[in-house]
Amino acid sequence: MIKVENLTKSFLDYQRGWVSAVGGISFECHPGAIFGLLGPNGAGKTTTLRILSTVLKPTSGRAVVAGYDVMTDPEAVRQNIGYMSASTGIYDRMSAWELVEYFGRLYGLTPARLRDRMETIFDWLQMNDFRDILGSKMSTGMKQKVSIARTIVHDPPVLIFDEPTSGLDVLVARAVLQKIAELRDQGKTIVFSTHSMHEVEKLCSRVAIIHKGRVQAEGEPLELLARYEQPDLEELFFFLVENAKGVEHEPIVKTSTSWDE
Ligand SMILES: Nc1ncnc2c1ncn2[C@@H]1O[C@H](COP(=O)(O)OP(=O)(O)OP(=O)(O)O)[C@@H](O)[C@H]1O
C-alpha cells in the first residue's frame, strides 16, 4: 500500500525563488484500489509521483510505499514499484521483446522467471504480433503497450502511472485504462495522475483534487460531490480550483542558477 503524510517539496528556481511544488499532501491507497491525483498543469502531481518512485527526495513529510520508507529504504521501494512516466522510453533499436527482457534483467529476474513473466505479459497485452518489431517502427499504441510491459515485468505490488493516457488517441487511451483496471482487479495498489475527470469517474475509488501544490479535497468521488453540493466532478473541480488555497512562493533568498533536483 501507499501512505503519504504531509509531504512537501520545494525547488529553488532562480527566476521565482523558492517554489513550493508540493505543500503538504497526505493520502493513502490500498491493494485492489486506484487512487487518482487530479489537477491542472503545475498542480504538483508529477512531483508527488516522482517522490513516491524515489526519483526525488521530499523536503519534508513521509511516504511509505509497499511497506518501505522512500527516504530510508529507496532500494526496496524501487524493487516493489512499477513507475510509468510520460518519458518512459522505447528504444528505437530494440524490439518489443528485447526491451522488456532488458528491464526484466535489470530487476534481477532469473532467466526462467523472466521467460514466464514475458510470455504471460505478451499474451495479456496482445503483443505477440509485434514481438520482433523495433521501437523505431512501432505505432503509438504498440509503444504504450511496451511501456506498460516494462513497468510490470517484475510483477510489483505497487504501480505508479503519471498521466498514462496523455497524448493518446481515444482508442489507445481506452485500451490503457482497461489494462489499468485489470491490474487493479489483480490486487495491485495503483496511483495515477490525470487531467481527466472522466478517467477519475471511471477508475478511481478515491481521488485527491490538487491545485497549487495542495490537496483541495480528498475522498470517494460520490462522497465529495455530496460534501461540496456539486452535481458532477467537473463542477466540483472548477469550484475547488476557483476557491483554491495555495502555497505562496517565498521571496528569493539567494541567487542560483541550479535547480534543486
Ligand atoms: N525541477 C524543478 N525546479 C523548479 N520548479 C519545478 C521543478 N519541477 C517542478 N517545478 C514546479 O513545481 C510546480 C509543480 O510541477 P509538477 O510538474 O509537479 O506539476 P503537475 O501537476 O505534474 O503539472 P503537469 O500536468 O503540467 O505535468 C510547477 O510550478 C513547476 O514549475
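Contact here means heavy atoms within 4.5 Å. The structure is a predicted model, in which local features need pLDDT of at least 70, side-chain atom pairs count only at pLDDT 80 or more, and totals for chains, interfaces and linings use all residues. Residues are numbered from 1 along each chain as its sequence is written, and side-chain values use heavy atoms, with hydrogens and water left out.

1. Met-197. This residue touches Leu-38, Leu-233, Glu-234 and Phe-237, leaving aside residues up to four places away in sequence. Met-197 belongs to helix α7; helices (H or I, at least four residues) and strands (E, at least two) are DSSP runs, numbered from the N terminus. Is Met-197 buried or exposed? Its relative accessibility is 16%, so Met-197 counts as buried. Buried means under 20% relative accessible area, exposed over 50%, and partly exposed in between, with a 1.4 Å probe and protein chains only. Along the chain, Met-197 and Phe-237 are 40 residues apart, while their C-alpha atoms are separated by 8.2 Å.

2. Trp-97. Helix α3 (residues 96–106) contains Trp-97. With 11% relative accessibility, Trp-97 counts as buried. Not counting residues up to four places away in sequence, Trp-97 touches Arg-115, Met-118, Glu-119, Phe-122 and Arg-131.

3. Helix α8. Which residues of helix α8 (residues 221–228) are buried? They are Pro-221, Leu-224 and Leu-225. Seen down the axis of α8, these buried residues fall within an arc of 100 degrees, so they line one face of the helix. The arc is that of the directions from the helix axis to the C-beta atoms. On the other side of α8, Leu-222 and Ala-226 are exposed. The cover over the buried residues of α8 includes α7 (197–203), β9 (206–211), β10 (214–219) and α9 (233–242).

4. Gln-216. Strand β10 holds Gln-216, which counts as buried at 16% relative accessibility. A polar atom of the Gln-216 side chain lies 2.9 Å from the backbone oxygen of His-211. A polar contact is a pair of N or O atoms within 3.5 Å; within protein, one must be able to donate a hydrogen and the other to accept it, and residues adjacent in sequence count only if both atoms are side-chain atoms.

5. The ligand. Among the 15 residues around the ligand, Gly-42, Gly-44, Lys-45, Thr-46 and Thr-47 come nearest; a residue is near a molecule or strand if one of its heavy atoms lies within 4 Å of it. Helix α1 (residues 45–52) gives the most to this shell, with 3 residues. An oxygen atom of the ligand is 3.0 Å from a polar backbone atom of Ala-43, and a ligand oxygen is 2.9 Å from a polar backbone atom of Lys-45. For the side chain of His-195, an N or O atom is 3.2 Å from an oxygen atom of the ligand.

6. Two positive phi values. Thr-54 has phi near 70 degrees, a positive value in a residue other than glycine. Its place is the loop between α1 and β4 (60–65), and Thr-54 is buried, with a relative accessible area of 15%. Gln-126 has phi near 50 degrees, again positive in a residue other than glycine. Gln-126 lies in the loop between α4 (111–124) and α5 (140–152) and counts as exposed at 60% relative accessibility.
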